[in-house]
There are 2 protein chains.
Amino acid sequence: MWCMENKEEKIGLIPCAEGGSTIDDWAADNTLFRHAVCQAKFAMQDTELIGILWHQGESDSCDGKYQTYYEKLQTMTAELRQELNAPEIPFILGGLGGFLGKSGLGANCTEYELINRELLRFAQEQKNSYFVTAEGLTPNPDGIHMDAASQRRWGVRYYEAFSKRKNVLSPLENEMELLDRCINVPYTKGEKMHLTMMDFISGRMTYEELCRKFENI
Amino acid sequence: MWCMENKEEKIGLIPCAEGGSTIDDWAADNTLFRHAVCQAKFAMQDTELIGILWHQGESDSCDGKYQTYYEKLQTMTAELRQELNAPEIPFILGGLGGFLGKSGLGANCTEYELINRELLRFAQEQKNSYFVTAEGLTPNPDGIHMDAASQRRWGVRYYEAFSKRKNVLSPLENEMELLDRCINVPYTKGEKMHLTMMDFISGRMTYEELCRKFENI
(Lines give C-alpha, C1' and ligand atoms only; values in the text may rest on other atoms or scores of the structure.)
Protein backbone atom coordinates (compact mmCIF):
# COMPACT_ATOMS: atom_id res chain seq x y z
CA MET A 1 0.00 0.00 0.00
CA TRP A 2 2.81 2.39 0.91
CA CYS A 3 4.79 1.52 -2.22
CA MET A 4 1.81 2.21 -4.50
CA GLU A 5 1.68 5.79 -3.22
CA ASN A 6 5.46 6.25 -2.95
CA LYS A 7 6.77 4.76 -6.16
CA GLU A 8 10.12 6.52 -6.12
CA GLU A 9 11.05 5.43 -2.61
CA LYS A 10 11.96 2.21 -0.83
CA ILE A 11 10.51 0.97 2.42
CA GLY A 12 11.86 -1.48 4.93
CA LEU A 13 10.41 -3.14 8.00
CA ILE A 14 12.38 -3.52 11.22
CA PRO A 15 11.15 -6.82 12.69
CA CYS A 16 11.29 -6.85 16.49
CA ALA A 17 8.30 -9.01 17.43
CA GLU A 18 8.47 -11.94 19.82
CA GLY A 19 5.67 -14.51 19.80
CA GLY A 20 3.83 -14.98 23.07
CA SER A 21 5.33 -11.91 24.75
CA THR A 22 3.46 -9.97 27.45
CA ILE A 23 3.42 -6.23 28.01
CA ASP A 24 5.77 -6.83 30.95
CA ASP A 25 8.27 -8.48 28.59
CA TRP A 26 8.32 -5.17 26.69
CA ALA A 27 9.29 -3.02 29.68
CA ALA A 28 12.07 -0.59 28.77
CA ASP A 29 14.90 -2.37 30.57
CA ASN A 30 14.16 -5.77 29.09
CA THR A 31 15.75 -7.46 26.12
CA LEU A 32 12.87 -7.05 23.65
CA PHE A 33 12.70 -3.30 24.11
CA ARG A 34 16.46 -2.85 24.00
CA HIS A 35 16.65 -5.02 20.89
CA ALA A 36 13.96 -2.98 19.13
CA VAL A 37 15.78 0.26 19.96
CA CYS A 38 19.10 -1.18 18.78
CA GLN A 39 17.66 -2.37 15.45
CA ALA A 40 15.78 0.87 14.85
CA LYS A 41 18.81 3.02 15.60
CA PHE A 42 20.89 1.00 13.16
CA ALA A 43 18.27 1.50 10.44
CA MET A 44 18.11 5.21 11.29
CA GLN A 45 21.81 5.61 10.45
CA ASP A 46 20.76 6.02 6.84
CA THR A 47 16.98 5.89 6.67
CA GLU A 48 14.04 7.73 8.17
CA LEU A 49 11.78 6.11 10.75
CA ILE A 50 8.18 6.89 9.77
CA GLY A 51 6.01 4.76 12.00
CA ILE A 52 5.70 2.11 14.70
CA LEU A 53 3.38 -0.89 14.31
CA TRP A 54 2.10 -2.59 17.46
CA HIS A 55 0.11 -5.80 17.70
CA GLN A 56 0.23 -7.35 21.12
CA GLY A 57 -2.08 -8.21 23.96
CA GLU A 58 -3.14 -11.83 23.62
CA SER A 59 -0.80 -12.83 26.44
CA ASP A 60 -2.37 -10.14 28.62
CA SER A 61 -5.96 -11.20 27.89
CA CYS A 62 -6.43 -13.13 31.14
CA ASP A 63 -6.25 -12.84 34.92
CA GLY A 64 -7.29 -9.19 35.05
CA LYS A 65 -4.08 -8.01 33.42
CA TYR A 66 -6.06 -5.41 31.44
CA GLN A 67 -6.22 -3.31 34.61
CA THR A 68 -2.57 -2.27 34.37
CA TYR A 69 -2.12 -2.66 30.61
CA TYR A 70 -2.70 0.96 29.63
CA GLU A 71 -0.19 2.34 32.09
CA LYS A 72 2.49 -0.14 31.09
CA LEU A 73 1.95 0.54 27.40
CA GLN A 74 2.06 4.26 28.04
CA THR A 75 5.34 4.05 29.95
CA MET A 76 6.91 1.83 27.30
CA THR A 77 5.88 3.97 24.30
CA ALA A 78 7.02 7.16 26.00
CA GLU A 79 10.46 5.65 26.57
CA LEU A 80 10.56 4.26 23.04
CA ARG A 81 9.74 7.64 21.48
CA GLN A 82 12.35 9.30 23.66
CA GLU A 83 15.08 6.74 22.89
CA LEU A 84 14.42 7.06 19.15
CA ASN A 85 13.88 10.80 19.26
CA ALA A 86 10.56 10.19 17.52
CA PRO A 87 7.87 12.09 19.43
CA GLU A 88 5.47 12.53 16.52
CA ILE A 89 5.58 9.52 14.20
CA PRO A 90 2.34 7.51 14.15
CA PHE A 91 2.05 4.60 16.56
CA ILE A 92 -0.53 2.17 15.13
CA LEU A 93 -2.23 -0.25 17.51
CA GLY A 94 -3.92 -3.33 16.09
CA GLY A 95 -6.93 -4.59 18.01
CA LEU A 96 -7.23 -8.25 19.02
CA GLY A 97 -9.28 -10.65 16.90
CA GLY A 98 -12.89 -11.51 17.74
CA PHE A 99 -11.99 -15.18 17.35
CA LEU A 100 -10.02 -15.20 20.62
CA GLY A 101 -11.19 -16.83 23.82
CA LYS A 102 -12.73 -19.76 22.01
CA SER A 103 -10.39 -22.55 20.90
CA GLY A 104 -6.83 -23.84 20.61
CA LEU A 105 -4.03 -21.57 21.73
CA GLY A 106 -6.47 -18.66 21.85
CA ALA A 107 -8.82 -20.34 24.35
CA ASN A 108 -7.13 -18.72 27.31
CA CYS A 109 -7.52 -15.15 25.93
CA THR A 110 -10.93 -14.69 27.54
CA GLU A 111 -10.44 -11.00 28.35
CA TYR A 112 -9.43 -9.82 24.90
CA GLU A 113 -12.32 -7.38 24.71
CA LEU A 114 -11.06 -5.64 27.83
CA ILE A 115 -7.60 -5.32 26.28
CA ASN A 116 -9.22 -3.96 23.10
CA ARG A 117 -10.97 -1.33 25.21
CA GLU A 118 -7.61 -0.24 26.60
CA LEU A 119 -5.95 -0.20 23.16
CA LEU A 120 -8.75 1.98 21.78
CA ARG A 121 -8.67 4.31 24.77
CA PHE A 122 -4.91 4.60 24.31
CA ALA A 123 -5.39 5.71 20.68
CA GLN A 124 -8.07 8.20 21.72
CA GLU A 125 -6.10 9.75 24.55
CA GLN A 126 -2.45 9.60 23.43
CA LYS A 127 -1.05 11.86 20.73
CA ASN A 128 -0.09 10.39 17.34
CA SER A 129 -1.63 7.02 18.21
CA TYR A 130 -4.25 5.23 16.09
CA PHE A 131 -6.31 2.07 16.55
CA VAL A 132 -7.04 -0.50 13.83
CA THR A 133 -9.89 -2.96 14.29
CA ALA A 134 -9.46 -6.68 13.61
CA GLU A 135 -13.21 -7.02 12.96
CA GLY A 136 -14.07 -9.78 10.49
CA LEU A 137 -10.58 -11.26 10.39
CA THR A 138 -10.08 -14.99 10.87
CA PRO A 139 -7.49 -17.21 12.58
CA ASN A 140 -5.35 -20.15 11.62
CA PRO A 141 -6.45 -23.51 13.08
CA ASP A 142 -4.45 -22.61 16.19
CA GLY A 143 -7.20 -20.20 17.23
CA ILE A 144 -4.77 -17.37 17.98
CA HIS A 145 -2.72 -16.26 14.93
CA MET A 146 -4.39 -14.51 12.03
CA ASP A 147 -4.39 -16.38 8.74
CA ALA A 148 -2.41 -14.97 5.80
CA ALA A 149 -5.42 -13.54 3.94
CA SER A 150 -6.50 -11.70 7.08
CA GLN A 151 -3.00 -10.36 7.62
CA ARG A 152 -3.09 -8.83 4.17
CA ARG A 153 -6.53 -7.24 4.76
CA TRP A 154 -5.28 -5.94 8.07
CA GLY A 155 -2.28 -4.38 6.34
CA VAL A 156 -4.67 -2.32 4.22
CA ARG A 157 -6.36 -1.06 7.38
CA TYR A 158 -3.03 -0.34 9.05
CA TYR A 159 -2.06 1.76 6.05
CA GLU A 160 -5.34 3.66 6.21
CA ALA A 161 -4.66 4.51 9.87
CA PHE A 162 -1.03 5.35 9.12
CA SER A 163 -1.58 7.51 6.06
CA LYS A 164 -4.72 9.31 7.18
CA ARG A 165 -3.68 9.45 10.83
CA LYS A 166 -7.05 8.27 12.09
CA ASN A 167 -8.59 5.36 13.93
CA VAL A 168 -9.99 2.58 11.77
CA LEU A 169 -12.96 1.34 13.78
CA SER A 170 -14.63 -0.87 11.19
CA PRO A 171 -13.53 -2.71 8.03
CA LEU A 172 -12.93 -0.36 5.07
CA GLU A 173 -15.74 -0.49 2.53
CA ASN A 174 -13.30 -0.95 -0.32
CA GLU A 175 -10.59 -2.92 1.45
CA MET A 176 -10.86 -5.99 -0.76
CA GLU A 177 -10.58 -3.79 -3.84
CA LEU A 178 -7.58 -1.95 -2.41
CA LEU A 179 -5.98 -5.25 -1.50
CA ASP A 180 -6.58 -6.55 -4.98
CA ARG A 181 -4.90 -3.49 -6.52
CA CYS A 182 -2.02 -3.97 -4.14
CA ILE A 183 -1.25 -7.65 -4.67
CA ASN A 184 -2.47 -8.40 -8.20
CA VAL A 185 0.32 -6.58 -9.98
CA PRO A 186 2.93 -8.04 -12.36
CA TYR A 187 6.09 -9.30 -10.70
CA THR A 188 9.02 -6.90 -10.80
CA LYS A 189 12.25 -7.93 -12.47
CA GLY A 190 13.79 -8.57 -9.06
CA GLU A 191 10.85 -10.76 -8.01
CA LYS A 192 11.02 -12.76 -11.24
CA MET A 193 14.74 -13.34 -10.76
CA HIS A 194 14.18 -14.43 -7.17
CA LEU A 195 11.44 -16.90 -8.12
CA THR A 196 13.53 -18.33 -10.93
CA MET A 197 16.51 -18.66 -8.60
CA MET A 198 14.32 -20.51 -6.06
CA ASP A 199 13.37 -23.01 -8.78
CA PHE A 200 17.04 -23.49 -9.59
CA ILE A 201 18.42 -23.91 -6.09
CA SER A 202 15.59 -26.30 -5.24
CA GLY A 203 16.69 -28.51 -8.12
CA ARG A 204 13.57 -27.94 -10.23
CA MET A 205 15.57 -26.33 -13.05
CA THR A 206 18.98 -26.95 -14.60
CA TYR A 207 21.68 -24.30 -14.77
CA GLU A 208 21.18 -24.03 -18.52
CA GLU A 209 17.45 -23.41 -18.05
CA LEU A 210 18.27 -20.80 -15.41
CA CYS A 211 20.55 -18.94 -17.82
CA ARG A 212 17.92 -19.00 -20.57
CA LYS A 213 15.21 -17.77 -18.18
CA PHE A 214 17.43 -14.97 -16.88
CA GLU A 215 18.12 -13.77 -20.41
CA ASN A 216 14.38 -13.35 -20.97
CA ILE A 217 13.53 -11.53 -17.75
CA MET B 1 30.07 -29.67 19.32
CA TRP B 2 30.44 -26.73 21.70
CA CYS B 3 27.36 -27.72 23.69
CA MET B 4 28.64 -31.27 24.20
CA GLU B 5 31.71 -29.89 25.96
CA ASN B 6 29.92 -27.04 27.73
CA LYS B 7 26.76 -28.65 29.04
CA GLU B 8 26.00 -26.05 31.68
CA GLU B 9 26.19 -23.09 29.32
CA LYS B 10 24.19 -21.69 26.43
CA ILE B 11 25.56 -20.59 23.09
CA GLY B 12 24.13 -18.25 20.49
CA LEU B 13 25.13 -17.34 16.97
CA ILE B 14 25.06 -13.75 15.71
CA PRO B 15 24.12 -14.07 12.03
CA CYS B 16 25.62 -11.29 9.93
CA ALA B 17 26.30 -13.01 6.60
CA GLU B 18 25.18 -11.66 3.24
CA GLY B 19 25.06 -13.99 0.25
CA GLY B 20 27.21 -13.02 -2.71
CA SER B 21 29.14 -10.32 -0.85
CA THR B 22 32.72 -9.36 -1.79
CA ILE B 23 35.55 -8.42 0.53
CA ASP B 24 34.98 -4.81 -0.57
CA ASP B 25 31.37 -5.04 0.65
CA TRP B 26 32.82 -5.82 4.08
CA ALA B 27 35.00 -2.70 4.34
CA ALA B 28 34.65 -1.08 7.73
CA ASP B 29 32.50 1.88 6.68
CA ASN B 30 29.97 -0.20 4.77
CA THR B 31 26.62 -1.49 5.93
CA LEU B 32 27.57 -5.17 6.40
CA PHE B 33 30.46 -4.35 8.72
CA ARG B 34 28.49 -1.79 10.70
CA HIS B 35 25.58 -4.22 10.99
CA ALA B 36 27.84 -6.98 12.29
CA VAL B 37 29.33 -4.65 14.88
CA CYS B 38 25.87 -3.43 15.92
CA GLN B 39 24.52 -6.97 16.36
CA ALA B 40 27.61 -8.16 18.21
CA LYS B 41 27.59 -5.20 20.57
CA PHE B 42 23.94 -5.85 21.38
CA ALA B 43 24.72 -9.49 22.18
CA MET B 44 27.70 -8.41 24.26
CA GLN B 45 25.42 -6.41 26.58
CA ASP B 46 24.82 -9.63 28.47
CA THR B 47 26.90 -12.36 26.88
CA GLU B 48 30.54 -13.02 26.09
CA LEU B 49 31.86 -13.00 22.54
CA ILE B 50 34.11 -16.05 22.14
CA GLY B 51 34.86 -16.28 18.43
CA ILE B 52 34.35 -14.98 14.91
CA LEU B 53 33.50 -17.33 12.02
CA TRP B 54 34.41 -16.23 8.50
CA HIS B 55 33.48 -17.94 5.26
CA GLN B 56 33.77 -15.67 2.27
CA GLY B 57 35.73 -15.35 -0.91
CA GLU B 58 33.73 -16.91 -3.76
CA SER B 59 32.84 -13.45 -5.06
CA ASP B 60 36.53 -12.56 -5.05
CA SER B 61 37.62 -15.72 -6.90
CA CYS B 62 37.93 -14.04 -10.30
CA ASP B 63 39.62 -11.19 -12.17
CA GLY B 64 42.80 -11.22 -10.09
CA LYS B 65 41.04 -9.99 -6.97
CA TYR B 66 43.16 -12.35 -4.87
CA GLN B 67 46.03 -9.87 -5.22
CA THR B 68 44.47 -7.38 -2.80
CA TYR B 69 42.38 -9.81 -0.76
CA TYR B 70 44.81 -10.33 2.12
CA GLU B 71 45.31 -6.64 2.75
CA LYS B 72 41.58 -5.91 2.70
CA LEU B 73 40.83 -8.79 5.04
CA GLN B 74 43.59 -7.67 7.35
CA THR B 75 42.29 -4.10 7.52
CA MET B 76 38.75 -5.27 8.12
CA THR B 77 39.57 -7.76 10.87
CA ALA B 78 41.81 -5.26 12.66
CA GLU B 79 38.96 -2.74 12.72
CA LEU B 80 36.48 -5.41 13.78
CA ARG B 81 38.63 -6.53 16.69
CA GLN B 82 39.14 -2.94 17.76
CA GLU B 83 35.44 -2.02 17.54
CA LEU B 84 34.49 -5.08 19.58
CA ASN B 85 37.42 -4.78 21.96
CA ALA B 86 38.24 -8.39 21.08
CA PRO B 87 41.94 -8.58 20.20
CA GLU B 88 42.42 -12.23 21.16
CA ILE B 89 39.33 -14.28 20.39
CA PRO B 90 39.82 -16.83 17.62
CA PHE B 91 39.01 -15.78 14.08
CA ILE B 92 38.25 -18.95 12.08
CA LEU B 93 38.58 -18.81 8.31
CA GLY B 94 36.86 -21.46 6.21
CA GLY B 95 38.57 -22.35 2.95
CA LEU B 96 36.67 -22.43 -0.32
CA GLY B 97 35.33 -25.72 -1.69
CA GLY B 98 37.21 -27.72 -4.30
CA PHE B 99 33.98 -27.96 -6.31
CA LEU B 100 34.20 -24.30 -7.32
CA GLY B 101 35.13 -23.09 -10.79
CA LYS B 102 33.23 -25.88 -12.48
CA SER B 103 29.47 -25.50 -12.84
CA GLY B 104 26.37 -23.46 -12.10
CA LEU B 105 26.75 -20.39 -9.96
CA GLY B 106 30.24 -21.51 -8.98
CA ALA B 107 31.52 -21.64 -12.57
CA ASN B 108 32.89 -18.12 -12.39
CA CYS B 109 34.99 -18.80 -9.25
CA THR B 110 38.00 -19.93 -11.27
CA GLU B 111 40.59 -18.44 -8.91
CA TYR B 112 39.34 -20.01 -5.69
CA GLU B 113 42.69 -21.75 -5.09
CA LEU B 114 44.44 -18.40 -5.09
CA ILE B 115 41.96 -17.07 -2.53
CA ASN B 116 42.51 -20.22 -0.45
CA ARG B 117 46.23 -19.53 -0.52
CA GLU B 118 45.60 -16.05 0.89
CA LEU B 119 43.20 -17.35 3.56
CA LEU B 120 45.75 -19.91 4.71
CA ARG B 121 48.58 -17.36 4.69
CA PHE B 122 46.37 -15.07 6.75
CA ALA B 123 45.90 -17.78 9.37
CA GLN B 124 49.63 -18.51 9.42
CA GLU B 125 50.72 -14.89 9.75
CA GLN B 126 48.00 -13.20 11.82
CA LYS B 127 47.59 -13.81 15.53
CA ASN B 128 44.59 -15.79 16.82
CA SER B 129 43.54 -16.76 13.29
CA TYR B 130 42.95 -20.34 12.12
CA PHE B 131 42.19 -21.93 8.74
CA VAL B 132 39.70 -24.77 8.16
CA THR B 133 39.88 -26.79 4.97
CA ALA B 134 36.78 -27.56 2.90
CA GLU B 135 38.48 -30.64 1.43
CA GLY B 136 36.05 -33.41 0.52
CA LEU B 137 32.94 -31.32 1.00
CA THR B 138 30.26 -31.23 -1.69
CA PRO B 139 27.93 -28.57 -3.12
CA ASN B 140 24.24 -28.24 -3.77
CA PRO B 141 23.18 -28.50 -7.43
CA ASP B 142 23.94 -24.77 -7.73
CA GLY B 143 27.67 -25.55 -7.75
CA ILE B 144 28.50 -22.90 -5.15
CA HIS B 145 26.77 -23.48 -1.78
CA MET B 146 27.73 -26.42 0.39
CA ASP B 147 25.05 -29.03 0.93
CA ALA B 148 23.62 -29.54 4.41
CA ALA B 149 25.60 -32.71 5.22
CA SER B 150 28.83 -30.93 4.28
CA GLN B 151 27.93 -27.92 6.40
CA ARG B 152 27.58 -30.21 9.41
CA ARG B 153 30.94 -31.89 8.75
CA TRP B 154 32.49 -28.49 8.33
CA GLY B 155 31.07 -27.42 11.67
CA VAL B 156 33.01 -30.25 13.33
CA ARG B 157 36.22 -28.97 11.69
CA TYR B 158 35.44 -25.38 12.68
CA TYR B 159 35.05 -26.51 16.27
CA GLU B 160 38.36 -28.35 16.13
CA ALA B 161 40.09 -25.17 14.95
CA PHE B 162 38.21 -23.06 17.51
CA SER B 163 38.73 -25.27 20.53
CA LYS B 164 42.33 -26.37 19.84
CA ARG B 165 43.36 -23.04 18.33
CA LYS B 166 45.03 -24.63 15.35
CA ASN B 167 44.70 -24.83 11.60
CA VAL B 168 42.69 -27.78 10.25
CA LEU B 169 44.44 -28.58 6.98
CA SER B 170 42.81 -31.91 6.18
CA PRO B 171 39.57 -33.67 7.15
CA LEU B 172 39.59 -34.99 10.74
CA GLU B 173 40.09 -38.74 10.89
CA ASN B 174 37.12 -39.17 13.21
CA GLU B 175 34.93 -36.36 11.95
CA MET B 176 32.04 -38.60 10.92
CA GLU B 177 32.08 -40.26 14.34
CA LEU B 178 32.18 -36.88 16.10
CA LEU B 179 29.36 -35.66 13.91
CA ASP B 180 27.35 -38.73 14.72
CA ARG B 181 27.80 -38.21 18.46
CA CYS B 182 26.79 -34.61 17.99
CA ILE B 183 23.58 -35.03 16.01
CA ASN B 184 22.29 -38.48 16.95
CA VAL B 185 21.12 -37.56 20.43
CA PRO B 186 17.57 -37.70 21.83
CA TYR B 187 15.51 -34.56 21.35
CA THR B 188 15.40 -32.23 24.34
CA LYS B 189 12.07 -31.38 25.93
CA GLY B 190 12.15 -28.02 24.18
CA GLU B 191 12.82 -29.60 20.79
CA LYS B 192 9.99 -32.12 21.29
CA MET B 193 7.58 -29.32 22.18
CA HIS B 194 8.67 -27.32 19.15
CA LEU B 195 8.18 -30.26 16.77
CA THR B 196 4.78 -31.06 18.25
CA MET B 197 3.78 -27.41 17.95
CA MET B 198 4.85 -27.40 14.29
CA ASP B 199 2.54 -30.38 13.66
CA PHE B 200 -0.30 -28.52 15.32
CA ILE B 201 0.07 -25.15 13.62
CA SER B 202 0.45 -26.87 10.26
CA GLY B 203 -2.95 -28.51 10.79
CA ARG B 204 -1.59 -32.08 11.08
CA MET B 205 -2.83 -32.42 14.67
CA THR B 206 -5.93 -31.29 16.57
CA TYR B 207 -5.76 -29.12 19.66
CA GLU B 208 -6.85 -32.09 21.76
CA GLU B 209 -4.02 -34.21 20.37
CA LEU B 210 -1.60 -31.36 21.06
CA CYS B 211 -2.67 -31.20 24.69
CA ARG B 212 -2.31 -34.96 25.11
CA LYS B 213 1.14 -34.94 23.47
CA PHE B 214 2.30 -32.04 25.65
CA GLU B 215 1.26 -33.91 28.80
CA ASN B 216 3.52 -36.80 27.81
CA ILE B 217 6.63 -34.80 26.92
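Which residues does Thr77(A) touch, not counting residues up to four places away in sequence?

**View 1. Thr77(A) and its contacts in the predicted model.** Not counting residues up to four places away in sequence, Thr77(A) touches Phe91(A) and Phe122(A). The place of Thr77(A) is in helix α3 of chain A, a helix that covers residues 66–83. Because buried means under 20% relative accessible area, Thr77(A), with a relative accessibility of 7%, counts as buried.

**View 2. The annotated domain of chain A.** An unreviewed UniProt entry lists residues 5–163 of chain A as "domain: Sialate O-acetylesterase".

**View 3. The open sheet of chain B.** Three strands of chain B form this sheet in the order β1-β2-β3, and their pairing is parallel. Strands β1 (52–54) and β3 (129–132) of chain B stand at the edges, where each has a single partner strand, so one side of each is left without a neighbour in the sheet. On average, and with direction ignored, neighbouring strands of this sheet are turned by 20° against each other. Strands of a sheet pair through backbone hydrogen bonds, and this pairing may be either parallel or antiparallel.

**View 4. Strands β2 and β3 of chain B, with helix α4.** Strand β2(B), made of residues 91–94, pairs with β3(B) in the parallel sense over four bridges. In this region Leu93(B) stands opposite Phe131(B), a residue of β3(B). Helix α4 of chain B, residues 112–125, lies across β1, β2 and β3 of chain B and runs at about 145° to β3(B).

Note on methods: Residues numbered from 1 in each chain as written. Chains lettered and ligands numbered in written order. Predicted model: local features only at pLDDT ≥ 70, side-chain atom pairs only at ≥ 80, totals over all residues. Heavy atoms only, no water. Helix = DSSP H or I, 4+ residues; strand = E, 2+ residues; numbered from the N terminus. Buried < 20%, exposed > 50% of the residue type's maximum accessible area, 1.4 Å probe, protein only. Contact = heavy atoms within 4.5 Å. UniProt positions renumbered as here; feature names shortened; annotations may be inferred. Pairing = 2+ DSSP bridges. Axes fitted to C-alpha atoms, helices over the stretch in contact; angles between N-to-C directions.
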